[in-house]
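Thanks for coming, everyone. Please take a moment with the sequence and the model before I walk you through them.

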Amino acid sequence: MLSAFTRAFKTPDLRRKLLFTLGIVVLFRLGSFVPTPNVDYNAVQACIAGAREDASSTFLGMANLFSGGALLQLSIFALGIMPYITASIIVQLLTVVIPRFEALKKEGQQGQAKMTQYTRYLTIALAVLQSATFITFARNPSQLFGNANCTNILYRESLPSILIMVLTMTAGTGLIMWLGELITDKGVGNGMSLLIFTSITATFPGSLWAIQQREGRWDIFFLVIAIGLLIIAAVVFVEQSQRRIPVQYAKRMVGRQMYGGTSTYIPIKVNMANVIPVIFASSMLSLPMMIAQFQQDPAGNSPGWVTWLQQHFNPSQPTWVYIVVFTGLILFFTFFYVSITFNPTEVSDNMKRYGGFIPGIRAGRPTAEYLNYVLTRITVAGAIYLALVSLIPLIALVLVGANQNFPFGGTSILIMVGVGLETVKQIESQLQQREYEGFLR
């Protein structure tokens, strides 16, 4: 990996792209510390300092993780990339439901551009909704930060002031979306993925140091790092693992030219769903805590069901109910997402149309059944793998008192490893394109 970056900086064209990408990343991080209008920055910092000792309200932890801590800072980039992620997932799922979206998906580059436009519109709509919801929480900061001493972080609560805050946060989301597309067009790697990667790695050192500060023991600190390196190695191994189904294309004569007769394979990754099932499951489990938050009585006379939800669905105090439900949701969403993104029947029909077949399997329906059989077996392993990696922060919470954003597990490690591997692959592919002359010599 280091050699790839070294060679990339020696290539002028790639060096410009890398520096441009780094500049956008720096701009993105700077925006995470610029406060939204009508927010008392000093009061927010005091609330965050208290929240570190009393993290009872962590159901916004996922959104705060994707924003690199900017959410609880109430900055102009408070919403981060989360609205775009949600919009992308929704549009992708709607391709199965809405025939128009399915037709656009098959139209190639022009249809993909239209789908991207729909994703942008939905991102802005979700940004307006999420910013309004978050500002509602900000009007009651003691519940938001889990700090009883945090009483007021807004200068004014009038309607014009609230509207300005909503517009500012929504504009911040639009700006982040534009920055991500700039990286994709003029930089290196996928822009949105790199911004998510940046947001997560920004909280990485703080999460590690918090473990040392909480325990006060360097042996536990280095033990956590050693275990983390083993987890990263295991995640890299699984993320790179795939089942290759061989495909043979028959020879066919077109005019006087002979086509086909080549051998290839269908790569089926162990983790085809990537990190999306974990995001879905975490979002679903945050809903009960959000509902309980609105129904909680400040005097302490909350209904029984609110108390039960707070006891069993609080991620900062995981119980066996939370762990079982969380694992079940991950398994369900893994199978659901894989089933709508990989269609064995469609793959079988495409192979048959171009004269391809799997050795030993008849073309048509037997091929689809075979692909479905292989896909189901691999998805079982992938779903269990996702569940185990996602439970690492909960186990760490019990063993070393780490917070939900424990860096060596769950959503954070999956995204960091996945984006890192993909970015390095793109850099190496661009290096190969520019070094063919050297290879030919």
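Tyr 249 has Gly 356 in strand 5 as its bridge partner, where strands (E, at least two residues) and helices (H or I, at least four) are DSSP runs numbered from the N terminus. What we are looking at is a predicted model, in which local features need pLDDT of at least 70 and side-chain atom pairs count only at pLDDT 80 or more, while totals for chains, interfaces and linings use all residues. Residues are numbered from 1 along each chain as its sequence is written, and side-chain values use heavy atoms, with hydrogens and water left out.

Let me stay with the sheet for a while. Strand 1 and strand 5 run antiparallel and are joined by 2 bridges; two strands count as paired if DSSP finds at least two bridges between them. On another pairing, strand 1, residues 242-249, meets strand 4 in the antiparallel sense over 7 bridges. Within that pairing, Arg 243 has Ile 268 in strand 4 as its bridge partner, and Ile 245 stands opposite Ile 266, also in strand 4. Taken together this is an open sheet of 3 strands in the order 4-1-5, with antiparallel pairing, and its edges are strand 4 (263-269) and strand 5 (356-357), each of which pairs on one side only.

Leu 371 is found in helix 17, and, leaving aside neighbours within four places in sequence, Leu 371 is in contact (heavy atoms within 4.5 Å) with Ile 245, Ile 266, Pro 344, Val 347, Ser 348 and Ile 358. Leu 371 and Ile 266 are 105 residues apart in sequence, yet their C-alpha atoms are 9.8 Å apart in space. Is Leu 371 buried or exposed? Leu 371 is buried, because its relative accessible area is 0%, and buried means under 20%, exposed over 50% and partly exposed in between, with a 1.4 Å probe and protein chains only.

That leads to the nonpolar cores, each being a set of buried Ala, Val, Leu, Ile, Met, Phe, Trp, Tyr and Cys residues joined through side-chain atoms within 4.5 Å. Of the 74 residues in the largest core, Val 235, Ile 268 and Leu 414 touch the most other members, and helix 17 (residues 365-399) supplies the largest share of this core, with 11 residues. A second, separate core has 19 residues, including Leu 74, Leu 79, Met 165 and Val 166. Coming back to Leu 414, and setting aside its neighbours within four places in sequence, its contacts are Val 235, Glu 239, Val 275, Val 278, Tyr 385, Leu 386 and Val 389.

Next, a residue elsewhere in the chain. Arg 120 is found in helix 8 and is partly exposed, with a relative accessible area of 28%. Not counting residues up to four places away in sequence, Arg 120 touches Met 177 and Glu 181, and its C-alpha is 8.4 Å from that of Gly 174, which is 54 residues away in sequence.

The largest pocket holds about 1700 Å³; on a 1 Å grid over the protein atoms alone, a pocket is an open set of points with protein on both sides within 12 Å along at least five of seven lines, a cavity is a set of points where a 1.4 Å probe fits but cannot get out, and lining residues have an atom within 4 Å of a point. Of the 46 residues lining this pocket, the closest to its centre are Gln 92, Asn 190, Ser 193, Asn 274 and Ile 276, and helix 18 gives the largest share of the lining, 9 residues.

Note on methods. Points joined across faces, edges and corners; volume = space filled by probe spheres on them.
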